[in-house]
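Hi,

Here is the structure I promised to pass on to you.

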Amino acid sequence: MSEKLEHFVSADPFNPLEVEELSAEQERFYMASQWRMMWWRLKRHKIAVAAGAVLAVMYLSIFITEFIAPYDLLNRHTDHIFAPPQQIHLFDQGKFVGPFVYGLDYKLNLETLRRDYTPNPTRVQKLRFFCSGDKYEFWNLFEADSHLICPAKDGTFFFLGTDRLGRDVWSRMIYGARISLTVGIVGIAISFLLGLTIGGAAGYFGGWVDNVAQRTIEILRSIPELPLWMGLSAAMPEDWSAITVFFGLTIILGLVDWPGLARAVRSKLLALREEDFCTAAALMGAPPKRIIARHLLPNFMSHLIASATLSIPSMILAETALSFLGLGLRPPVTSWGVLLVEAQNFQAVAVYPWLLFPAIPVIITVLAFNFFGDGLRDAADPYK
Amino acid sequence: MMNKYIAIAVSLFTVITVEPARALDLIETPAFKTDVAAGKMPPISARVPANPSIVKFNGKTAVPGKQGGKLNILMGRKKDTRQMVVYGYARLVGYDENFSIKPDILAKMDVKEGRIFTLHLRRGHKWSDGHPFTAEDFRYYWEDVATNTEVRNESPPAAMIVNGERPKFEVLDEVTIRYSWSKPNPFFLPRLAGARPLYLFRPAHYQKKYHAKYTAAETLQKQVKAAKKRNWVALHYSVGQQYKNANPNLPTLQPWMLATKPPAKRFVFKRNPYYYRVDTKGQQLPYIDEVRMNVTNNKLIPIKTGGGESDLQARGLNFNNVTALKQSEKQSGFKTNLWRTAKGARWALFPNLNTQDPMWRKLFRDVRFRRALSLGINRREINQVIYYGLAREGNNTVLPESPLYHPRFKNRFTKFDITRANALLDDMGLTKKTPAGIRLLPNGKRMELTVVFSTEESEPSDILELIRDSWRDIGIKLFLKPMQRDVLRNRIFSGLVKMSMWFGLENGIPSADASPQELAPTTQQQLQWPKWGQFVETRGRAGEAVDMPQALRLSALNKKWAEAPTQDGRRKIWIEMLDIYTKQLFSVGIISSVPQVVVASKHLRNVPKRAIYNWDPGAHFGVYRPDGFWFDAKKRKLN
Amino acid sequence: MFNYFVRRILTMLLTLLVVSALVFVIIQLPEGDYLTSYIAELESQGEAVDPQKIAYLKEEFGLDKPIWLQYLSWIGGVVQGDFGRSIEFDLPVTDVIGEVFVFSLILNFSIIIFIYMVAFPIGVYSATHQYSWGDHGLTFIGFIGLATPNFLLALILMFLARKYFGTSIGGLVDPSFENKPWDFAKFMSLLEHLVVPVIVIGTSGTAGMIRRLRANLLDELHKQYVVTARAKGLPEGKLLIKYPLRMALNPFIADIGNLLPQVISGSVIVAVIMDLPTTGPVILDALRSQDMFLAGSFLLFVSLLTVVGMFVSDLLLAVLDPRIRLEGTRE
């Protein structure tokens, strides 16, 4: 037995009216809302933040697609078909010139039946920035022709080469982002809507509502995805325009996806509705709608968002798969899926590999969504 | 350039023969030496007919070869076993390399007044199982199958009915058969020589086992039950499909016979020991012992061919594969040849004169509109962009390889001329335009035209992209719409589709003796006037009657052709029809003579470097007789 | 327990019945039927179609009967074990599927092994070294496969395999081995050809598995008993294996039910591209040409697998995890 441990009890008299003062920082910490705490947790996950930034950039680019792309979507160059990517150089023979590309000399080789392009060192084509290029209608509101990067006047700038009609792959990729990224978001919105309503009803009300919902979910989940897609796609009338087909496609993707979400919602609700706060609300006279919306949903909204974020990439991939089967979007609508299908052949793999570049934004987007979604999910339960 | 001489002088009493009876010393086929020695197979002198067909090679591009070797080919679907009937091309009468019809299986074919056909078989010709091939096989088909009302799923084919009249069928002796009509039948011989041939015979000895007249009812019942068919008629039909070529037990006359029971991924075809063709050295054809057909996904055929997995390939290879194939030649040991296709047009636009939309129907009926559409197409650009300039620009009409060709048919209204096109449209009164330059229809709507095409091929959408740009300059806005093939055709037939893109004339190299029916409304399958065609096809029961004077004239000429007594008369009719057809531009041809990529192993001989690749006439490889292709064994290890 | 069984099985049967009807409807949704596409194909090749033959085929396959009647006759047959006849192959459905089923099993079994073998170590490492660079790096690799569009990867890998290893393109064995009996050389060819499909299909499955394993393991590692064990001095490795890992195996078991049907139908696209002799291409063709009985029977079969699989997983979970058992059925 050595010395006694120090007392932790203060010798000051007790003041019952004392209110504990929190420092500003402590206040921020202890009084933080759920969402704020989620954000802090998310920030810890560096990769998720990076992924989020990438996604933000991509989605923002959708608004200024025409501005970013050097060429218009349908712009084609008959004398530059299957042109290889043009490298950007800074120094021409030792002198700093600024970003430029060498012009391409074209020759049709009838021996190998191939179009040969050789960069010509004498034709220096400087790139222009914030320049005048192909005309476009900005958001269908007004005409403009300003571009971020343009080729030199009478020159070419094929950053990723051209395709079989002489269209710039890089520009088409940028335009494709618009469709592919939107498909995911709209599809998820539909899936969300269906999953929340049906799952929510099933989870909260229980009884026969639950039974019917569960059976439906089970039925839909046991049918393999592919025939569902095929059947529903084939059911779309042939005379729909490209835009209507696009929306029809997103609706189909959403329709096939909602059971998973509904199940998650349902199980969460089942657990949560037994909680005391829910009973309290009911006792206070809140109608079921208010209880679900105001009390239950916010509790697992974070999980749902994380789930949803993780579903988006599968929708993007599904769009590419459907395009491959010929059921999804088709030219002239341009999405990454359509671009990849055009590259799905012998000559693209063996002779013109630059046609495969559109796979990269798909990979990046899917990875980004996955990491971001993972981060969200990890952060979703900040009270852990 | 091919020599074109007339195959059949229908008005004369013609005898078409081949070399007289042989005095050749036959050499036993190496593949059967052991079986013959063991007594399991008769010697070659007993297997080959008394007067076999002796094949003379021209000595320059084709020489007699060596027997042996296995040929690997790729096909895109399981049902493509039928292609061996096409490639084997053993026909009663067949087209030769110059597209003249000559007897092949037959020793002789006598044609009198174009309506009496006497067929002479070769004595001693046997089926692939050794059973004799005689007139009985023809009688069995005609009397017990085609005209037998009990056999509900077979009836005399259309090519054998002239003006509703069936032929008089006579067996003159065991190697001579005669078919007679009261009017000429110009379709008979071409159909017999077709890629999908008209079969006048069946292996009677085999089929009788499944026929109620020759087999006891209980045996029939047992067979039907075992095969899970509905009744003997169904079973009889199913085992006897010669073109389908899916029954290994069905005897055949083709050079290779099926040795694998479907379904399979790889079908092996073994040489026919009783084949009727020999070369000048006395070797029995085919040279190649075995053909192995690997069934794979159609889309993989180019890359697999590039990998050297096929010794002879054309099906499944598109022109846009040619660069990659040329690149792989060295590593994979093959040569890439470019043959010419022979459709009247590889791609043509078909304005639907029977479209439901009254506004557009009126426009399409005005020849000025059709001509403007044609003048507004930059064919040169299309040729350069898609075909490296190797194809021919022009109308949907006969090709230079046909004796009926004239440049003015090919070139009418095909020179790219925006000014002239605009002038024609202005002339029609369509002068109102939107600020963007799109013309307005008389009812005020914008002139927006949707062109529909099948999803199966990639070229139409590329071509239409190019056309879209040039038509914008004449004030027409073009929309593309790909569609599933069957849905597409149904919509065209019902008039829902305004314009479609499809192949042009099936036979772009006709002689005057070929039927000009493609130029007149004859069938619903013609996408420019489906309802008129249907009317003619169903004899007025469905569709709409033809009501354009030029189309009526074409119909009348088509009828006259079948009754024309002389070849010169037929030729005159053809010329007039071609003249009307190209003046009127009922279909707007875009490009023709597109090169077809043909890959052949570098060890495979007698494969033409340049030739015509066409379905009918031509049978793809058929008219070049693959039974005469051989492997240069010195350089290649036979595996 | 017995009541639960019976009820479950009855619901399963009911589900299957509804699925069969749904599947039949889905197959019939596109315009026309098998014959319309068959006719169109003939016509587009310039071959005249004999209307009598068409009428005959219609009757032969019952396509002239109303849809509900076709459905009933099919279902009636299914219950008796007769799955109908494929129009395309002119063979009983069981013959057609039987051919390709074995290869499907081999392929999918290999894929499952691949997924487990890859996902397990990555998942464990990720969980135990959360937020480290190793975690991020390995997860990245694990997810790359998921992110790459399968069909493109398949084509590229096939081309490279041919170029550098001489592997013939497509198929599961070299064409020279087709129709030949099994021997060592054929087996080696099979292994050689399995590499590309397993990589392509497997990599998209590993991501999900890694994620689940990681999540579960993380959950466990933060629990009190782990902290206690660590405090008591148990070495890290033993600690990991003894308790949390068992719990983390949960998703593996739960997924078995899901995995088989998903892998069978999920690899359709890759199987089509690579021309594998599995069920995928057969089904796709059947759906496209509306070969009703073939497509319908197979889809029904896959649904059966799924439903039974879910049932089996539930059972296994109940056996493995006493918490589920003891918590009772909370409906």
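**What I found**

In chain C, 71% of the contacts with a separation of 6 or more are between residues 24 or more positions apart; two residues are in contact if their C-beta atoms, placed from the backbone, lie within 7 Å. Please keep in mind that this is a predicted model, in which local features need pLDDT of at least 70 and side-chain atom pairs count only at pLDDT 80 or more, while totals for chains, interfaces and linings use all residues. Residues are numbered from 1 along each chain as its sequence is written, and chains are lettered from A and ligands numbered from 1 in the order in which they are written.

**Chain C and its domains**

Chain C has 16 helices and 2 strands. Here helices (H or I, at least four residues) and strands (E, at least two) are DSSP runs, numbered from the N terminus. Of its 331 residues, 40% are buried. For that term, a residue is buried if 20 or more other C-beta atoms lie within 10 Å of its own, exposed if 12 or fewer, and partly exposed in between, with C-beta atoms placed from the backbone.

Between them, 21 residues of domain 1 of chain C are in contact with 16 residues of domain 2 of chain C. On the domain 1 side, H1(C) gives the largest share, 9 residues. That side divides into 12 nonpolar, 5 polar and 4 charged residues. In this count Ala, Val, Leu, Ile, Met, Phe, Trp, Tyr, Cys and Pro are nonpolar, Asp, Glu, Lys and Arg are charged, and the others, Gly among them, are polar.

**Where the chains meet**

The contact between chains C and A takes 31 residues from chain C and 33 residues from chain A. H1(C) turns up again here, giving the most to the chain C side with 7 residues. By class, that side has 24 nonpolar, 6 polar and 1 charged residues.

As for chains A and B, 18 residues of chain A are in contact with 22 residues of chain B. Helix H12 (residues 346-350) of chain A supplies the largest share of the chain A side, 3 residues. The class count for that side is 9 nonpolar, 5 polar and 4 charged residues.

**The cores**

The largest nonpolar core has 317 residues, and Ile590(B), Ala154(C), Val270(C) and Ala295(C) touch the most other members. A nonpolar core is a set of buried Ala, Val, Leu, Ile, Met, Phe, Trp, Tyr and Cys residues joined through C-beta atoms within 7 Å. Helix H5 (residues 169-205) of chain A gives the most to this core, with 15 residues. Leaving aside neighbours within four places in sequence, the contacts of Ala154(C) are Val196(C), Val200(C), Val270(C), Ile273(C) and Met274(C). There is also a second, separate core of 5 residues, including Tyr210(B) and Val233(B).

**Strands in chain A**

Chain A has an open sheet of 3 strands in the order S1-S2-S3, with antiparallel pairing; two strands pair if DSSP finds at least two bridges between them. Its edge strands are S1 (89-92) and S3 (114-126). S2 (residues 95-109) and S3 of chain A pair over 10 bridges, and Asn109(A) has Arg114(A) as its bridge partner in S3(A).

S4 (residues 128-138) and S5 (residues 142-150) of chain A are antiparallel too, with 7 bridges. They form a hairpin with 3 residues between them, and Trp139(A) in the turn has a positive phi of about 50 degrees.

**Backbone details to check**

Two residues other than glycine are worth a look. Asp154(A) has a positive phi of about 60 degrees and is found in the loop between S5 and H5 of chain A. Is Asp154(A) buried or exposed? Asp154(A) counts as exposed because it has 8 C-beta neighbours inside 10 Å. Tyr89(B) has a positive phi near 50 degrees, but counts as buried, with 25 C-beta neighbours inside 10 Å.

Chain B also has cis peptide bonds: one joins Leu285(B) and Pro286(B), with omega about -5 degrees, and another joins Asp616(B) and Pro617(B), with omega about 0 degrees.

Best wishes
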